[in-house]
Amino acid sequence: MLAVAVVTVAACGDQAARTTTDGPAPDSDQRYTATAMVLESPDHGPQLCLGGVEDSLPPQCGGPDIPNWSWDDVDDFESAGGTTWGGYTVVGTYDGEDFTLTEQPTPPAEPDDPVDPVDPQFWTPCDEPPGGWTVVDEATATEKAMTAAIEYASSQPDHAGTWLDQSMNPALSGDTGIADAEIEAAANDPTELILNFRFAGDLERHEREPREIWGGALCVTRAEHTEAELRDVQRRLHGELGDDVLGSGIDVPIGYVELMVVVDDGSLQRELDEQYGEGVVRVHSALRPVG
């Protein structure tokens with residue numbers, strides 16, 4: 001069965017939050033905010049979960065200790081197996097190890113829009129061709145042909161990414177009148193999607209050769225870095241920064257490594273821009289400064 005979308009983001013790293021840093025200590029007077037789970041277990045007191053959360057019962061996660069946390073001050077928490085947890089927006093100071101509240105926790109705030117609010121499943125960087133996105137050869141606009149084209153792209157040394165854009169598929173537009181039992185098949189119709197490839201090398205060849213395999217809509221664009229190069233940067237970041245990393249991923253359609261750390265005042269971003277080139281790594285700080 002045809003997959004709904006080719007995976008475009010590769011996570012790397014431990015699910016539990018890392019809380020220490022070998023860099024300069026954060027300003028102890030600076031206040032930070034975050035919206036995250038707070039969890040207390042039989043193994044530790046209340047912690048602010050700034051990394052991933054394991055979807056279990058009870059959930060599992062970790063992060064900076066919150067020494068002045070009290071469950072008596074908040075609502076909407078759950079408990080199971082000796083573990084208590086809930087989601088909140090918090091404001092406080094961070095000394096590199098502990099997060100100390102300076103205000104009462106509040107219900108979780110709506111997340112900010114990401115830096116690049118692009119859903120790769122619904123995005124194609126090529127201009128729409130005259131006459132729109134259409135099938136050019138029905139005989140090869142098939143699941144088998146698409147799989148072969150994807151295998152071709154992945155085998156190329158300069159391959160930088162593959163994903164599907166299904167935004168033109170009427171089955172995904174909401175109230176379509178299609179029976180539930182038929183939705184999946186309709187959503188995976190290879191004639192109702194755009195196959196996207198990115199390459200860092202000979203674009204003319206890479207536009208021609210996939211077209212010999214695939215007869216559906218096709219968009220081929222140039223990338224500055226191959227996917228292998230970005231994965232190498234990702235691995236190096238984890239090796240260089242170690243426990244400072246909360247997690248990382250690769251944005252294939254845009255072409256950069258996303259790096260999550262507990263806190264960055266901008267100095268880490270500047271350092272990585274100098275080391276890898278501007279925009280190759282985008283640092284996201286789990287704790288955001290207030291004021």
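**A close look at one part**

Mentor: Among contacts in the protein (heavy atoms within 4.5 Å) between residues at least 6 apart in sequence, 65% join residues at least 24 apart. The model is predicted: local features need pLDDT of at least 70 and side-chain atom pairs count only at pLDDT 80 or more, whereas totals for chains, interfaces and linings use all residues. Residues are numbered from 1 along each chain as its sequence is written, and side-chain values use heavy atoms, with hydrogens and water left out.

As a setting, the protein has 291 residues, of which 43% count as buried, that is, under 20% relative accessible area with a 1.4 Å probe and protein chains only. There are five helices and 12 strands; these are DSSP runs numbered from the N terminus, a helix being H or I over at least four residues and a strand being E over at least two.

Two strands pair if DSSP finds at least two bridges between them. Strand E10 (residues 256–261) pairs with E11 in the parallel sense over five bridges, and Met260 stands opposite His284 in E11.

The axes of H4 (residues 227–241) and H5 (residues 267–276) come within 13 Å and cross at roughly 130 degrees. H4 is therefore oblique to H5 (angles under 35 degrees count as roughly parallel, over 145 as roughly antiparallel, 65 to 115 as roughly perpendicular and the rest as oblique). The crossing of H4 past H5 is right-handed: the near helix is turned clockwise from the far one by less than a right angle. H4 contributes Val233, Arg236, Leu237, Glu240 and Leu241 to the contact, and H5 contributes Leu268, Leu272, Gln275 and Tyr276. By class, this contact of H4 with H5 has six nonpolar, one polar and two charged residues, where Ala, Val, Leu, Ile, Met, Phe, Trp, Tyr, Cys and Pro count as nonpolar, Asp, Glu, Lys and Arg as charged, and the others, Gly among them, as polar.

How values were computed:
Axes are lines fitted to C-alpha atoms, for helices over the stretch in contact, and angles run from 0 to 180 degrees between N-to-C directions. Buried means under 20% relative accessible area, exposed over 50%, partly exposed in between (1.4 Å probe, protein chains only).
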